[in-house]
Amino acid sequence: MANFTSFLDILPDPNNKIGAGGESLSSGETGPGFESIKFTSEAPIMKSRTNSGRVVSRAIVGHQWKINLTYNPLTRAQFEPVNSFLMSRRGGLVPFFLSLPQYKLPQDPTFAGYSSAITVNLVAGNLIVGNSYIIQTVNSTNFASIGASASTAGLVFTATDHGANDGIVKASAGSTSIMIQGPGGSDGDPKVGDLFTITDPADANHTKAYMVTRVETASAFHTNLSPTPGATERVIHFTPGLQRAVSNNSTVNFHNPKIRVLLSSNVQEYSLDVNNLYSFSLNLEEAQS
């Protein structure tokens, strides 16, 4: 056994092995695979209808993913790695990460083999009409030079054309599309239904998971809204909208995106049958930082 510097914070499964000390191992005690997965998207809204029949709807609570995991009957050797991991979470007190097998790799096998960085591209000319952006700098200088305070708060503009030249910007929270760059034309594309997360070096608290709903490429894009994607660019649409503002050059993680979750209940229990096999299931809910 070797010393280690951190404990595993991903639910043990066949791809995420855990040692007796709680460390992550390339070979060790594997968590069991799942018998079934129920994946729920919850986005509460409020709807009202006028006397004339007009419907007004609005979001009232932030979006949340909910996951129900069930396991096949387990031997004690299979059961204890995941049970002890969950006991260390003290019910719903301590969050952890979940890697779902259906989202571990992108659906396009060519794109799944692309190993270089995929980043957000918010440079001038790549802003999407209708999205809001927060100005960080103006013409490569601090935006205070235009008479504003040194804080980005309140300096929000909406792109109205494809050639915005307002310096460096951040995509505002709520945006549902963004330009990404990295894979070339022969490297495949993200597919609708792929899951991804964003690693923003300026915001370590951005842990939300998003699902792709549309993908625009250099050969198929909306001419009235989207900038023309280059050979190494894509415009991706997703749900829900960005939960936090995103910086230029943030990394977009399509490979093994992990959802930050909590146990929905503070009660953890299992059943043991006459064959000494353990049965239990998990109800998890997304828990952003």
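The model is a predicted one. Its aromatic pairs come to 15 by the count used here. The largest nonpolar core has 28 residues, and a second, separate core has 24.

**Aromatic pairs**

- A pair of aromatic rings is described by the distance of the centres and the angle of the planes.
- Tyr71 and Phe280 are stacked, because their ring centres lie 4.7 Å apart and their planes meet at 10 degrees, where stacking requires an angle under 30 degrees.
- Tyr71 belongs to the loop between strand 6 (64–70) and helix 1 (76–87), and Phe280 to the loop between strand 22 (278–279) and strand 23 (281–286), so the pair ties together parts that are 209 residues apart in sequence.
- Both Tyr71 and Phe280 are buried.
- Tyr210 and Phe238 form an edge-to-face pair, because the ring centres are 5.5 Å apart and the planes stand at 65 degrees, where edge-to-face requires an angle over 60 degrees.
- This second pair links distant parts of the chain, with Tyr210 in strand 16 (residues 209–216) and Phe238 in strand 17 (residues 233–239), 28 residues apart.
- Tyr210 is buried, at a relative accessible area of 0%, and Phe238 is also buried, at 4%.

**Aromatic cluster and a charge over a ring**

- One aromatic cluster is formed by Phe34, Tyr71, Phe79, Tyr270, Tyr278 and Phe280.
- Arg89 is placed over the face of Phe85, at 4.7 Å from the ring centre.

**Nonpolar cores**

- In soluble globular proteins, nonpolar side chains tend to be buried together.
- Beyond its neighbours within four places in sequence, Leu69 is in contact with Leu11, Phe34, Ser36, Ile37, Leu98, Leu100, Ser281, Leu282 and Leu284.
- The second, separate core of 24 residues includes Leu127, Val169, Ala171 and Ile178.

**Buried arginine**

- Arg234 is located in strand 17.
- Arg234 counts as buried because its relative accessible area is 3%, and the cut-off is under 20%.
- A polar atom of the Arg234 side chain lies 3.0 Å from the backbone oxygen of Gly188.
- A polar atom of the Arg234 side chain also lies 3.4 Å from the backbone oxygen of Ala231.

Definitions and conventions:
Residues are numbered from 1 along each chain as its sequence is written. This is a predicted model: local features need pLDDT of at least 70, side-chain atom pairs count only at pLDDT 80 or more; totals for chains, interfaces and linings use all residues. Side-chain values use heavy atoms; hydrogens and water are left out. Rings of Phe, Tyr and Trp (its six-membered ring) pair if their centres lie within 6.5 Å; planes under 30 degrees apart count as stacked, over 60 as edge-to-face and the rest as tilted. Helices (H or I, at least four residues) and strands (E, at least two) are DSSP runs, numbered from the N terminus. Buried means under 20% relative accessible area, exposed over 50%, partly exposed in between (1.4 Å probe, protein chains only). A charge sits over a ring if NZ of Lys or CZ of Arg is within 6 Å of the ring centre and within 35 degrees of the ring normal. A nonpolar core is a set of buried Ala, Val, Leu, Ile, Met, Phe, Trp, Tyr and Cys residues joined through side-chain atoms within 4.5 Å. Contact means heavy atoms within 4.5 Å. A polar contact is a pair of N or O atoms within 3.5 Å; within protein, one must be able to donate a hydrogen and the other to accept it, and residues adjacent in sequence count only if both atoms are side-chain atoms.
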